[in-house]
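Please read these notes with the structure open beside you.

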Amino acid sequence: MALTNWAGNVDFRHERLHRPSSVEELRAIVADSAQIRALGTGHSFNRIADTRHDLVRLDALPAAVEIDPDTRTVTVSGGARYGTVAEELHRQGWALHNLASLPHISVAGAVSTGTHGSGSPNLAAAVAGLDLVTADGELLALRRGDDDFPGAVVALGALGVVARVVLDIEPTYDVAQEVHLDLPWEAVATHLDTIIESADSVSLFTDWAGAAVNQVWRKTRLVPGTTYRRRDDLFGARPAPGPVHPLPGIDPVNCTEQLGVPGPWHERLPHFRLAFTPSNGDELQSEYLVPRRNAVAAIEAMRSLSHLVTPLLQVSELRTVSADDLWLSSAYGDDRIGVHLTWQPRQREVEAVLPAIEAALYPLGARPHWGKLFHAVDPAASWQRWTDFRQLVRRLDPSGKFGNDFLAGLSG
Ligand SMILES: Cc1cc2nc3c(=O)[nH]c(=O)nc-3n(C[C@H](O)[C@H](O)[C@H](O)COP(=O)(O)OP(=O)(O)OC[C@H]3O[C@@H](n4cnc5c(N)ncnc54)[C@H](O)[C@@H]3O)c2cc1C
């Protein structure tokens, strides 16, 4: 049967699929291959993971979760899913700083594209080390502080296969999540920073039409021993009377618990529950990360494009991502606001409106999400360290073993 990505809009064109059961086997596969790409859980919406040659998945590697309380780190297989890692961390009294909207994705795959939640640096910022299988099949251990490290974490699969990832951890904590409905756009324009800072992780869901943001999801970390107080009002938005799903018409049973009920971090930080389909399941996605200082201008630009965007949209989400120093991160060098779009599965029509969105957001300094649909990007203009990244790729992979059409398209 044909192998496709989660959304079903990419059919992988590989000749062979490998599923090694040990790192030694993975090293031999990489050494013997002329061209190879790693595939995580396939949740990206473009051809970033695709290849016409060898594809390798790490889901058969032992899913070890090795916690080191002294260094406050955990070492996991690159193919481990965040949800599985999170459950084990919590069981042993530990936590990560944040999670994406879904726990289903692999750690190495998520980190490679700069995947993020809201209200903190992206997930890759918690990476303290990588064990990378390089083109010759050798295992290269890169640790935070090494010269090449900031170029190797968000690396689009271009430097090798990440066999193991070391992540920063902290003691486990509880989170309360509540949702408010109908936040007037005037309140967003006037009080955006206060709304975003009113909780640890905030998401605004909108379809860009109408006078108000449809839903505001707020996730608050609880100080042990305190109780969570729900807000009666959020700048004119009212508390949701019961659980909601961000997408109209979908059962909120798929979503993490709301109504301010406290619970473990990993059962509140994602919007969607591990055992259920995340989001709609029948959709496409795009996202542009705009410098936070241009957030209001980006929102105005998107509202002015509502006539093009809203008819193709399921929902749009605004989130914030704090700055980091990872060369290809969407938040390299400054804080960002993510303008995310969950599209109806109408790819041709969606691709036809992306140039208009990019014409509006790129002049504001936007960078596209590496794992979602975009029309075009000039990486050297968007990422200050792009040339350094290209040099790193040439040094670690001189024959282009980890190249593919997606990367070739970026390099022009
Ligand atoms: C329903 C849904 C919700 C989403 N929500 C969010 C969200 O909240 N925030 C966000 O930022 N993104 C979100 N995304 C996008 C998603 O997080 C990214 O596309 C992420 O990269 C997917 O991880 P994956 O394991 O599926 O990686 P894949 O899509 O399989 O691969 C992505 C890239 O990583 C590389 N890669 C994978 N494994 C390895 C490895 N072991 N070594 C080296 N390279 C590797 C691949 O070659 C490819 O270049 C969402 C996607 C979906 C479908």
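1. Two strands count as paired if DSSP finds at least two bridges between them. In this predicted model, strand 8 (residues 127-133) and strand 10 (residues 161-168) are joined by six bridges and run antiparallel. G129 has V166 of strand 10 as its bridge partner.

2. These strands belong to an open sheet of five, ordered 4-5-10-8-9, with antiparallel pairing. Strand 4 (65-68) and strand 9 (139-143) are the edges; each has a single partner strand, so one side of each has no neighbour in the sheet. From one strand to the next, the twist averages 15°.

3. Helix 1 (residues 23-32) packs on the sheet and touches strand 8, strand 9 and strand 10. The direction of helix 1 makes about 135° with that of strand 10.

4. The structure contains nine aromatic pairs. One of them is W185 with W208: the ring centres are 5.6 Å apart and the planes are at 10°, so the pair is stacked. W185 is in helix 5 (residues 185-196) and W208 is in the loop between strand 13 (201-206) and strand 14 (212-221), so the pair ties together parts 23 residues apart in sequence. Both W185 and W208 are buried.

5. W370 and W383 also form a stacked pair, with 4.3 Å from centre to centre and 20° between the planes. W370 is buried, as is W383. Ring pairs link W370, W383, W386 and F389 into a cluster.

6. A charge also meets a ring here: the charged end of R221 sits over the ring of Y173, 3.6 Å from the ring's centre.

Definitions and conventions
Residues numbered from 1 in each chain as written. Predicted model: local features only at pLDDT ≥ 70, side-chain atom pairs only at ≥ 80, totals over all residues. Heavy atoms only, no water. Helix = DSSP H or I, 4+ residues; strand = E, 2+ residues; numbered from the N terminus. Axes fitted to C-alpha atoms, helices over the stretch in contact; angles between N-to-C directions. Contact = heavy atoms within 4.5 Å. Phe/Tyr/Trp six-rings, centres within 6.5 Å; stacked < 30°, edge-to-face > 60°. Buried < 20%, exposed > 50% of the residue type's maximum accessible area, 1.4 Å probe, protein only. Lys NZ or Arg CZ within 6 Å of the ring centre and 35° of its normal.
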